[in-house]
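Subject: Structure handover

Hello,

Here is the structure for your files. Please open it alongside this note; what was found follows below.

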Amino acid sequence: MNFLTMDINIAYSMINMKLRDFYSTLDNLCDDMDISKSELVERFEKNGYIYSENTNQFIQK
C-alpha cells in the first residue's frame with residue numbers, strides 16, 4: 001500500500017484505522033510501514049487534514 005499516492009479519502013480512512021487499532025503513535029506506524037512521516041503529514045496537510053497527537057488520528061483542519 002502506498003499511502004502517499006492513493007486516493008486521499010481512502011488513505012485517510014486506512015491510516016486512521018491503523019492508528020486506532022494497531023499503533024499508539026504516528027511514528028510507530030511510519031517506522032513499521034517504512035513510510036516517510038514528513039511526506040505523509042505534508043500530503044495530508046495539503047488535503048486539509050492535520051495529525052492530532054491527543055487523539056492519535058488525522059483530523060480535518
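First, a definition: a residue is buried under 20% relative accessible area, exposed over 50%, and partly exposed in between (1.4 Å probe, protein chains only). By that scale Tyr49 is buried, because its relative accessible area is 6%.

Some ground rules. This is a predicted model, in which local features need pLDDT of at least 70 and side-chain atom pairs count only at pLDDT 80 or more, while totals for chains, interfaces and linings use all residues. Residues are numbered from 1 along each chain as its sequence is written, and side-chain values use heavy atoms, with hydrogens and water left out.

Tyr49 and its surroundings

Tyr49 sits in strand S1. Helices (H or I, at least four residues) and strands (E, at least two) are DSSP runs, numbered from the N terminus. Gln60 is eleven residues from Tyr49 in sequence, yet their C-alpha atoms are 4.4 Å apart. Contact here means heavy atoms within 4.5 Å. Setting aside neighbours within four places in sequence, Tyr49 touches Ile8, Asn9, Tyr12, Phe44, Phe58, Ile59, Gln60 and Lys61.

The core

A nonpolar core is a set of buried Ala, Val, Leu, Ile, Met, Phe, Trp, Tyr and Cys residues joined through side-chain atoms within 4.5 Å. The largest one has 17 residues. Those with the most contacts inside it are Ile15, Leu19, Leu26, Leu29, Leu40, Phe44 and Phe58. H1, H2, H3 and strand S1 (49-52) each supply at least two residues of this core. H1 gives the most, with four.

Take Leu26. Beyond its neighbours within four places in sequence, Leu26 is in contact with Leu19, Lys37, Leu40, Val41, Tyr51, Asn56 and Phe58.

Helix packing

How do H1 and H2 cross? The axes of H1 (residues 8-21) and H2 come within 10 Å and cross at roughly 110 degrees. Axes are lines fitted to C-alpha atoms, for helices over the stretch in contact, and angles run from 0 to 180 degrees between N-to-C directions. Angles under 35 degrees count as roughly parallel, over 145 as roughly antiparallel, 65 to 115 as roughly perpendicular, and the rest as oblique. H1 and H2 are therefore roughly perpendicular. Ile15, Lys18 and Leu19 of H1 meet Leu26, Leu29 and Met33 of H2. By class, that contact has five nonpolar residues, no polar ones and one charged. (Ala, Val, Leu, Ile, Met, Phe, Trp, Tyr, Cys and Pro count as nonpolar; Asp, Glu, Lys and Arg as charged; the others, Gly among them, as polar.)

Salt bridges

The criterion is a side-chain nitrogen of Lys or Arg within 4 Å of a carboxyl oxygen of Asp or Glu. The count is three.

- Asp21 pairs with Arg20, the closest N and O atoms being 3.0 Å apart. Asp21 is partly exposed at 44%, and Arg20 is exposed at 56%.
- Asp27 pairs with Lys37 at 2.9 Å between the closest N and O atoms. This pair links distant parts of the chain: Asp27 is in H2 (residues 26-33) and Lys37 in H3 (residues 37-46), ten residues apart. Asp27 is partly exposed at 38%; Lys37 is partly exposed at 32%.
- Glu42 pairs with Lys46 at 3.2 Å, N to O. Both lie in H3, four residues apart, about one turn of the helix. Glu42 is partly exposed at 42%, while Lys46 is exposed at 65%.

Best wishes
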